[in-house]
Amino acid sequence: MKRVIGWLAAAVITTLIFGSVYVSLQQLGRRSANAAPAAAAAARVQLIGSEPPGRRD
């Protein structure tokens, strides 16, 4: 019986470790998902004040 409890405890601890790593990486990915659109929007805002590309007098 002690052997089963030991294996069960090891399985629970391993599951918790891998589960927390998965959740951490998922949240990191979700938080960084807005970085590219925000950078594109910032670049577009900077271009609004300048003259259009390809038009030179």
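## Threonine 15

Threonine 15 is found in helix 1. This is a predicted model. At 55% relative accessibility, threonine 15 is exposed, because the cut-off for that class is over 50%.

One of its polar atoms lies 2.7 Å from the backbone oxygen of alanine 11. That pair falls within the 3.5 Å limit for a polar contact.

## Isoleucine 13

Helix 1 spans residues 2-32. Isoleucine 13 lies in this helix too. Its relative accessible area is 49%, so isoleucine 13 counts as partly exposed. The class runs between the buried limit of under 20% and the exposed limit of over 50%.

## A nonpolar patch

Patch residues need over 30% relative accessible area, and isoleucine 13 has 49%.

## The whole chain

The chain holds 57 residues, and buried residues make up 0% of them.

The chain exposes about 5,600 Å². Carbon and sulfur atoms supply 67% of that area.

Methods:
Residues numbered from 1 in each chain as written. Predicted model: local features only at pLDDT ≥ 70, side-chain atom pairs only at ≥ 80, totals over all residues. Heavy atoms only, no water. Helix = DSSP H or I, 4+ residues; strand = E, 2+ residues; numbered from the N terminus. Buried < 20%, exposed > 50% of the residue type's maximum accessible area, 1.4 Å probe, protein only. Areas by Shrake-Rupley, 256 points an atom, 1.4 Å probe, with all protein chains shown as cover. Polar contact = N/O pair within 3.5 Å; in protein donor to acceptor, adjacent residues only side chain to side chain.
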